Amino acid sequence: MAETEETREEPEFETLRIADRKAPLGALIAISVVASVLGVVLGILIDWFPVAASTQARQVDTFYDVLIAASVPVFVGVTAIVLYSAYRFRMRPGEEDMDGPPIHGNTRLEVIWTTIPALVLLGLCSYAAVVLHDAEKAPAAAASELNVRVVGEQFAWTFFYPPAAQGGKEVASSQLYLPEGRSVHFKVQTKDVLHDFWIPAFRWKIDAVPGVTTDYRVTPIRLGNYPVVCAELCGLGHAVMRQTTHVIPQNEFAAWLDKKGGGGAGGGGGGSGDEGQAAAKPDGKQLFAANGCGGCHTLGAAGSSGTIGPNLDTALKGQDAAMIKEDIVNPNAEVTKGYGKDIMPPNFGQTLSPAEIDALVKYLQDGTKG
Ligand code: CUA
């Protein structure tokens with residue numbers, strides 16, 4: 001007992017002689033450089049994102065590559081210093097009571113490790129501001145821009161296009177059609193709760209906030225179909241709040257909008273403006289596919305096997321046209337047992353013309369008869 005107290009009162013204090021330690025500093029620097037180069041090359045080569053379908057997507061992807069090139073060496077450098085220090089200055093047997101050499105600060109080192117990260121951050125922030133400013137810029141010819149009003153609700157997006165004629169009615173669609181190579185200005189709104197309008201292939205996304213109109217621009221540059229996603233948890237049907245963007249050539253887009261808006265006859269007079277569509281009879285099978293019905297519903301006639309909504313082969317069997325129409329236009333009036341309310345998009349009465357709804361009803365009635 002007495003012996004231990006004695007040793008405690010007079011601990012053996014000796015300073016480690018750091019210079020005695022040998023560590024492979026040169027090898028460590030070499031490994032760090034190789035790891036940094038590998039990390040940067042891999043980070044840039046790996047395809048992290050979906051295909052880039054807008055000019056803004058290209059800018060974002062380039063920005064991401066620059067961030068990778070700037071941050072990988074910093075990460076590798078910090079990790080290397082930590083590992084090196086832990087190895088070189090580790091405690092060895094017999095050194096339990098020893099202390100490291102006293103340190104009185106190093107002004108030059110502190111200036112260096114404050115200045116370099118500050119410059120790196122300042123540079124990246126400035127670059128980010130330039131990219132953002134550039135990506136949000138309005139086109140030189142404002143008239144060439146397409147304005148699309150995007151309205152979210154539980155659980156669907158509705159897209160409104162400007163009327164064909166002054167004072168006309170906006171053209172509503174459940175599918176987002178966009179012309180290739182033209183700047184699009186989205187004005188995003190919501191009828192109920194928070195949603196978030198996101199097209200991953202375009203990279204940009206923005207919240208739809210009750211009572212506020214938010215906006216962003218993209219210029220689609222690649223033909224094809226891309227998902228529209230809701231990126232804000234908004235209720236039970238959040239996961240099925242998905243639609244499709246169709247980027248099509250400008251002349252096809254003009255023709256589509258013309259047809260959707262009622263044959264370009266102004267669209268204002270008749271209220272619904274659907275009379276012009278009598279010439280091209282809507283096809284129920286096509287409508288079922290184009291509106292994504294098969295993603296949620298099983299229907300033998302369409303070869304679809306969705307399970308989010310009721311199986312239409314059984315649910316619609318024996319229903320008359322009026323009942324089927326009510327199911328489409330007013331889905332919450334009567335919900336099939338075992339399925340949740342508010343899951344089926346409530347906006348088909350708005351985005352489909354009466355002729356289209358009739359065609360869809362007929363298709364469903366014929367397809368579920370047998
Ligand atoms: Cu709307 Cu999530």
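Which element gives the largest share of the lining of the largest pocket? The answer is α8, with five residues. This is a predicted model: local features need pLDDT of at least 70, side-chain atom pairs count only at pLDDT 80 or more, and totals for chains, interfaces and linings use all residues. Residues are numbered from 1 along each chain as its sequence is written, and side-chain values use heavy atoms, without hydrogens and water.

**Largest pocket**

- The largest pocket holds about 980 Å³ of space. (A pocket is an open set of points on a 1 Å grid over the protein atoms alone, where a 1.4 Å probe fits, with protein on both sides within 12 Å along at least five of seven lines; lining residues have an atom within 4 Å of a point.)
- Its lining counts 47 residues, and H297, P310, D327, M344 and P345 are the closest to the centre.
- Two or more lining residues come from each of β10 (242–248), α6 (284–290), α7 (312–315), α8 (321–329) and α10 (354–367). (Helices are DSSP runs of H or I, at least four residues; strands are runs of E, at least two.)
- By class, the lining has 26 nonpolar, 15 polar and six charged residues. (Ala, Val, Leu, Ile, Met, Phe, Trp, Tyr, Cys and Pro count as nonpolar, Asp, Glu, Lys and Arg as charged, and the others, Gly among them, as polar.)

**Helix pair α2 and α3**

- Helix α2 (residues 25–45) packs on helix α3 (residues 55–88) at about 150°, with axes 9 Å apart.
- The two helices are therefore roughly antiparallel (an angle over 145 degrees, on a scale from 0 to 180 between N-to-C directions).
- The contact (heavy atoms within 4.5 Å) includes L25, G39 and I44 of α2, and D65, P73 and Y84 of α3.
- This contact has 12 nonpolar, four polar and one charged residues.

Note on methods: Parallel < 35°, antiparallel > 145°, perpendicular 65-115°, else oblique. Points joined across faces, edges and corners; volume = space filled by probe spheres on them.
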